[in-house]
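Here's a quick briefing to read with the model open next to you. Take it topic by topic, and find each residue as you go.

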Amino acid sequence: MNNDTICALATPAGGAISLIRISGDRAIDIADMVFISSSKRPLKSARPNTIHFGNIIDSNGEVVDEVLVSVFHAPHSYTGEDSIEISCHGSTFIAATILRMLIEKGCRQATPGEYTMRAYLNGKMDLSQAEAVADLIASTNKATHKIAMSQLKGHFSNDLAILRDKLLKITSLLELELDFSDHEELEFAERGELLALAESIENKIDSLCKSFESGKAIKEGVAVAIIGKTNVGKSTLLNRLLGEDRAIVSDIHGTTRDVIEDTTTINGIKFRFIDTAGIRTTDDAIEQLGIERTFEKLKQATIILWLTDQDTFDEEEQTAIDAIDTNQKVIIVRNKIDHNAYTQSPTQAKGVFRQIGISAKYGTNLEELQQAIYQAANIPEIHENDYLVTSARHYYSLRQSQEALQRVIEGLSANLSGDLISEDLRQVLFHLSEITGNTITTDEVLGNIFSHFCIGK
């Protein structure tokens, strides 16, 4: 790890207050070069975890700003190093001036994610917790916030640690047998017990893998496609659901020629609503391209709002319905109930979850539709200690470990030699350790993870 003392602005520009972070062996000494406290005592003599009022003074002896300075001593800081946090006024000029002064005194501008990388390298958190910092910053709703907080608190890491301890027990017993292979009468590991233990671990890993579908939906937003013929009110419904005029509404057929996407939150869960081109036969090449994209989005969506203002589906609609996957939830939305009298419900669609009558124009039954959408998403309730896998990296490592563990189970069932089973067990441990970073040492992997952080983290 580079031992330079680093500095960076940790808050976005334009606020009332700006926070500048300094971290490294010389953090306190460098801060003393630009800061004079109201007590005239240097920060070097200050007690840790204290805040001091004073002035930032430039090389000409002029006051740059009145500030509050927080002092942290290693290892009791975010990075595990000596750290200083300067709270100054939110002027971009003031913040830039202080940063320039710190760099002139020996600091280096921090790179994106460098503070959190140092926290990881100094043992303040494991790699999954470090990634949770970025997820917490990016959280936009209650669900993503809960998942990020759970991961940051180490609930996921603790679960993996328990699995690791159980795997080490199996490994140690098998390898102990190998050490005493000349004594065939000695059996340190009863194969039936080891098999049951391995299967229980595999079940836990399988449960984590299956949670990725829900976790990914929560993180990226549940995809909801609004499908139907032209002029049935798809764009009007999108605008209603989003609470803004996102799509153009017109009586002219074929107004929507491209896919329009935007997100909103229902009951703390993010949903990605997709307004699509109306399904109809057309000679317009651009509109036809939009209809083709409609069918693409139809296949990608988790939930389909099939909007209609008729009793039954025609041939074009039925063709589109036939493309629906059995895993997709379909909500039949009968629009324009303010002036349409429906005599029968369209039932040709497979996988119909609900059928609801609404008026997109006047917002009638909109709340009922939102609740149906939320229920169709089938997102499990998230409690404080719960964890859903949201990272593709974590999911890949879990899948790799599961595949290796399945080989272990097959080996134990077939009574294979302990040395063959132990090799697969080591692979399971390796892939689980990839998640928390216990075996990650390459600069390329770490650089890829932390490069997505903001500079102040």
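**The sheet**

Strand β12 (residues 329-334) runs parallel to β13, and 5 bridges join the two. Strands and helices here are DSSP runs numbered from the N terminus, with at least two residues (E) for a strand and at least four (H or I) for a helix. Two strands count as paired if DSSP finds at least two bridges between them.

Before going on, some ground rules: this is a predicted model, so local features need pLDDT of at least 70 and side-chain atom pairs count only at pLDDT 80 or more, while totals for chains, interfaces and linings use all residues. Residues are numbered from 1 along each chain as its sequence is written, and side-chain values use heavy atoms, with hydrogens and water left out.

- Ile331 has Arg354 in β13 as its bridge partner.
- Zoom out and you'll find 6 strands in an open sheet, ordered β9-β10-β8-β11-β12-β13, with mixed pairing.
- At the edges sit β9 (260-266) and β13 (352-357), each pairing on one side only.
- On average, neighbouring strands of this sheet are turned by 25° against each other, direction ignored; the axes behind such angles are lines fitted to C-alpha atoms (for helices over the stretch in contact), and angles run from 0 to 180 degrees between N-to-C directions.
- As background, strands of a sheet pair through backbone hydrogen bonds, either parallel or antiparallel.

**Helix α3**

- Why is helix α3 (residues 114-121) largely enclosed by the rest of the structure? Because 6 of its 8 residues are buried, where buried means under 20% relative accessible area, exposed over 50% and partly exposed in between (1.4 Å probe, protein chains only).
- The buried residues of α3 are Glu114, Tyr115, Thr116, Arg118, Ala119 and Tyr120.
- After α3 comes Gly123, which has a positive phi near 80°.

**Salt bridges**

- The count comes to 16 salt bridges, each being a side-chain nitrogen of Lys or Arg within 4 Å of a carboxyl oxygen of Asp or Glu.
- Arg118 pairs with Glu81, and their closest N and O atoms are 3.1 Å apart.
- That pair links distant parts of the chain, 37 residues apart: Arg118 is in helix α3, and Glu81 is in the loop between β5 (63-72) and β6 (83-89).
- Buried or exposed, what are Arg118 and Glu81? Both are buried.
- Arg118 and Glu81 also belong to a salt-bridge network that links Asp4, Glu81, Arg108, Glu114 and Arg118.
- Glu368 lies in helix α11 (residues 366-377) and Arg354 in strand β13, so the pair ties together parts 14 residues apart in sequence.
- Glu368 is partly exposed at 36% relative accessibility, and Arg354 is partly exposed at 28%.
- Arg426 and Glu423 form a salt bridge too, their closest N and O atoms being 3.2 Å apart.
- Both Arg426 and Glu423 lie in helix α13 (residues 418-436), 3 residues apart, or about one turn of the helix.

**A surface patch**

- Ile51, Phe53 and Leu68 make up a nonpolar surface patch, with about 300 Å² of accessible area together.
- Patches are made of residues with over 30% relative accessible area and no salt bridge, joining like charges within 9 Å and nonpolar side chains (Val, Leu, Ile, Met, Phe, Trp, Tyr) within 5 Å.
- Accessible areas come from the Shrake-Rupley method with a 1.4 Å probe, and for residues only the protein chains shown count as cover.
- Ile51 sits in strand β4 (residues 50-57) and is exposed, with a relative accessible area of 59%.
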